[in-house]
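This report goes through the open and closed spaces of one protein model, and then through several of its helices, strands and loops. Please keep the sequence and the 3D view at hand while reading.

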Amino acid sequence: MLTETSTEKSQALSYSLLPKVQDFLKSPKKLFIGGNWVDAVSGKTFPTYDPATGEVLAFVAEADKEDVDKAVKAAREAFEKGPWSKMTPAERGKLIWKLADLIEENLEELAQVESLDNGKPMSVARVADLPLSIDLFRYMSGWATKIEGETIPFSLASPEKFFAYTRREPIGVVGQIIPWNFPLLMAAWKLGPALATGCTVVLKPAEQTPLSALWLGELIQQAGFPDGVVNILPGFGETAGAAIASHMDIDKVAFTGSTEVGKIIVKAATSNLKKVSLELGGKSPNIIFADADLSTAIPGAASAIFFNHGQCCCAGSRLYIEKKAFDKVLAGITEEAKKIRLGPGLEPSTEMGPLVSQEQYDRVFSYIRSGMDEGATVVTGGKRYGEKGYFITPTIFTGVNPSMKIVNEEIFGPVVCAAPFEDTEEITPVANQTIYGLAAGIWTRDISKAHRLASKLKAGTVWINCYNVFDASLPFGGYKQSGWGREMGHAVLENYLETKTVCIQL
């Protein structure tokens, strides 16, 4: 339900909620288990907030261990006995494609829900989050019919004596825990490959942003997925998330979030040695050479850190600029930062919304204070914006060194550290001087130099003369403490498949 104050705030701004969104916000927010919308066993609910105002959007059922048990039982039944286990790959693919169609039909409503719950500009949700989610499901629907084994020749035995082949089989019941920075898109990244491979799912959205996942549950029902194939449990990491990670009847857990929580997930998963895939944090270097096309590199570098309010695991938060271009590039990015229009996500003019929560707001400001205390210089930003909500102005630090917290630790906000460098040999070890290895950017006209440096960077994705370019066909994931496994592309299917070897004596 909407509070009076949040309704009044909406009316005061230059947007109105779509009728379906208004009805959705007023309706009870329950758990989706075994094809049914149910209250939590405990009866507890929790609020989800509009980060632009700090006011309550809705109250949501709070899943706990008992609810996880029920959802896992429903998922196990669907996997082993239900119609899902008997469905052909082509039928699975058609259902996934149908889900994409339904998301497309609800694009405007889902973009509005995403903007309300997360704070991101609706314009961004409309052209990025939603189209990428739709494309991910359509891309994965095609893989459902293309999961193949191999025939294997023996190296010692005669081919007339033995015949061997492999089968690729779904891993089983999968627990999936997703973050709050791209709520619907992260649900798509997780659900798409799991469904294509024939797994069943218990999905826990972030407690800060559960609404688009619940809307997605309604679309899953409309698409005709069998009961229990997807179960959606809003709740808290310490309770519902922990119960999923340690559950003895979950075969695999997939998590996207911070490296700190990822380590907790790994420890909990040892309860039954379930398979684990992790897409974790980053502190990505973004490297601009003096020979780059600066008319592209400057706005590109600004977007690399300020897109989605800096709440991106791959954000280009360490900006390295060749010394002879440093002043020009810094001035350009500073100008870009100052031009960014902050405001509520549903305002058409907004280019950057609020951070997702009071907790995240406090976290980012603690890093800004740390940078100042350690002697770094704030070129622009570093301040609160407005009187309501969780807004922080785009912030640029210079005068930084590798010992500073703002250089070493993931901030997950609109804060970038800019530093000069002399040449390629100098920048390579500096760029790799991090516990993370998720992404990196290179800006140069010298394509040979770009490829040489790309081969030396310890990062799962390297963008050259671009940044934040994603496609369902491109594997995404990290080196080092940025995670295990890959999302998207053919590579993600490995997360959800077992390989069985069959050997026959002829």
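## The second largest pocket

About 350 Å³ of space lies in the second largest pocket. A pocket is defined on a 1 Å grid over the protein atoms alone, as an open set of points with protein on both sides within 12 Å along at least five of seven lines, whereas a cavity is a set of points where a 1.4 Å probe fits but cannot get out; in both cases lining residues have an atom within 4 Å of a point. Grid points are joined across faces, edges and corners, and a volume is the space filled by probe spheres set on the points. The model is predicted, so local features need pLDDT of at least 70 and side-chain atom pairs count only at pLDDT 80 or more, while totals for chains, interfaces and linings use all residues. Residues are numbered from 1 along each chain as its sequence is written, and side-chain values use heavy atoms, with hydrogens and water left out.

Twenty residues, given as 20 in the count, line the second largest pocket, and R92, R168, E169, P170 and T197 lie nearest its centre. Elements that each supply at least two residues of this lining are α4 (83-86), α5 (89-105) and β5 (162-170), and the largest share, four residues, comes from β5. Helices (H or I, at least four residues) and strands (E, at least two) are DSSP runs, numbered from the N terminus. By class, the lining of the second largest pocket has eight nonpolar, six polar and six charged residues, where Ala, Val, Leu, Ile, Met, Phe, Trp, Tyr, Cys and Pro count as nonpolar, Asp, Glu, Lys and Arg as charged, and the others, Gly among them, as polar.

## The largest pocket

The largest pocket has a volume of about 1,100 Å³. It is lined by 41 residues, and W180, E207, Q208, S258 and V261 are the closest to its centre. Each of β3 (45-50), α10 (237-246), β9 (252-256), α11 (259-269) and α14 (358-373) supplies at least two residues of this lining, which by class holds 21 nonpolar, twelve polar and eight charged residues.

Five cavities of 30 Å³ or more are present in the structure, and the largest cavity has a volume of about 70 Å³. Its lining consists of 17 residues, among which P285, Y436, G437, A439 and K458 lie nearest the centre; by class there are eight nonpolar, five polar and four charged residues.

P285 also belongs to strand β11 (residues 285-288), where P285 and I287 point one way and N286 and I288 the other way, and all are buried, buried meaning under 20% relative accessible area, exposed over 50% and partly exposed in between (1.4 Å probe, protein chains only). Strand β11 is joined to strand β12 (residues 318-322) by four bridges, and the two run parallel; two strands pair if DSSP finds at least two bridges between them. N286 has L319 as its bridge partner in β12. From β11 the chain crosses through helix α12 (residues 294-306) to β12 in a right-handed β-α-β crossover, that is, with the strands pointing away from the viewer, the path from the first strand over the helix to the second runs clockwise. Three bridges join β11 to strand β16 (residues 439-443), again in parallel, and in β16 the bridge partner of I287 is I442.

Helix α8 (residues 183-196) has 14 residues and reaches 20 Å from its first C-alpha to its last, close to the 20 Å expected at 1.5 Å a residue, the expected span being 1.5 Å times one less than the number of residues. Because 14 of the 14 residues of α8 are buried, this helix is largely enclosed by the rest of the structure. G198, which follows α8, has a positive phi near 95 degrees.

Helix α6 (residues 107-118) has eleven of its twelve residues buried, so it too is largely enclosed by the rest of the structure. The buried residues of α6 include L107, L110, V113 and L116, as well as E109, E114 and D117. G119 follows α6 and has a positive phi, near 100 degrees.

H309, in the loop between α12 and β12, has a positive phi near 65 degrees in a residue other than glycine, and H309 is buried, with a relative accessible area of 1%. K480 lies in the loop between β17 (461-464) and β18 (483-484) and has a positive phi of about 50 degrees although it is not a glycine; at 39% relative accessibility, K480 counts as partly exposed.
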